[in-house]
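Hi,

Here is the structure I promised to hand over. Have a look at it first, and then read my notes below.

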Amino acid sequence: MDRSQLLRGTLDAAVLAVVAEGDGYGYDVLRRLRAGGLSDVGDASVYGTLRRLYKGGALTSYVMPSDEGPHRRYYGITELGRIQLGDARETWADFNRTLSALLEHELEVTA
Amino acid sequence: MNGTTLERPDVTAYLVAVRAELSDLPSEERDDLIADVEASLLDSGEAPALSPAAFAAELREAAGIERSASAAEQAPSLLESARAWLGSSRGLAVRAAVRELAPIWWVVRGAVVAGVVVFVAGWAWTLTVQGAALATLVAVAASVWLGLRGRRLPARRRPFALAANLALAVVLLPVAAASTGVLDSRTGTYTAAFPEPVPGLAVDGNPVENIYAYDRNGRVLYDVRLYDENGLPLDVRTGDEDPLRRVLVDDEGTRLFNSFPIRYFEAGTIAVAQPGLGPEVDVAKVATPPLETAPKR
């Protein structure tokens, strides 16, 4: 199964979950996603997703000056973002159950 | 950490290239996107493995930003889109159908050209029906011959044939419509739609608002009640909501709308000012003997 295709539909939830744990800027969120196991997530996908979630009201943002380089834009989760994350958790759990059952059924049939 | 973009010319060059890929975005939107990317690239310490174009495309897709129309060099042109559609399965099906239906167009084309030539040139005034039919037949045959010949045209010349046919269709339709008008005025054909039915009583499509009955001596009769052959009252309801209309009632209080002539009260009264008023007609006395006195056969 193509992991990148799966990721495409679930990246919003993953980004929301990471930011819900603590505010972060672009590269920081990317690093935490990769550390969490999504090693193949693309940088541009994460930055674009952050931007879209922010514009959609799921994230808030603020700029922190950095001594070492350009200012960093931090993202934090909003109430709307938490609701979206809750919905995503339920949808994923349900989908996961369904697909697991289907795949296991398939195994039994072929075994 | 990794310093600023000034110390990282590779990151600078990469950002410039990504910015160029996003040139169709509003500057504020683009600056925000690039600022995020710049900070992150400097932190990560390396330019991404993706090309700037691929990076920008991924960024765009994830951010849900459509490529605007100004990025025309990337978007397929109308001609390219049309070519792609013609090559698609749907396009091929439509082309096959058009090819099968083309002979109908050939016939119509010939007939319309014949009609237009005949009527526009004014020959219709002198041409007989047989002559017109012959002209149409010749034109249709020529048109079908041309159509069949067109099918053997080399592919590169087909678009010109198609364009010529489309142009002909666009030009011919209004001319044909105008020619039909010429035909109608010449033959006096009346092509109006069926007239709307008139509610209530009507004569020749005009509503009847009042009826005056005269006796044999030419005197107006009053409160005459009219019925048709089926016993249905010939109700005239013109002004039935008008409180000034003098509507008769029977014993049970039912209002009788088939009593004539309809009279109107003077405003604020229940009096009819001129009960004998009628249309300005000279009703002659009847000379034919009345039925009951008519001689029996």
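To start, how many helices and strands does the secondary structure of chain B come to? Chain B has 7 helices and 8 strands, where helices (H or I, at least four residues) and strands (E, at least two) are DSSP runs, numbered from the N terminus.

Some housekeeping: this is a predicted model, so local features need pLDDT of at least 70 and side-chain atom pairs count only at pLDDT 80 or more, while totals for chains, interfaces and linings use all residues. Residues are numbered from 1 along each chain as its sequence is written, and chains are lettered from A and ligands numbered from 1 in the order in which they are written.

Of the 297 residues in chain B, 13% are buried (20 or more other C-beta atoms within 10 Å of the residue's own; 12 or fewer is exposed, in between is partly exposed; C-beta atoms are placed from the backbone).

Finally, B:Trp145 sits in helix α6 (residues 129-150) of chain B. Why does B:Trp145 count as exposed? Because it has 12 C-beta neighbours inside 10 Å. Its C-alpha atom is 8.7 Å from that of B:Trp106, 39 residues apart along the chain.

Cheers
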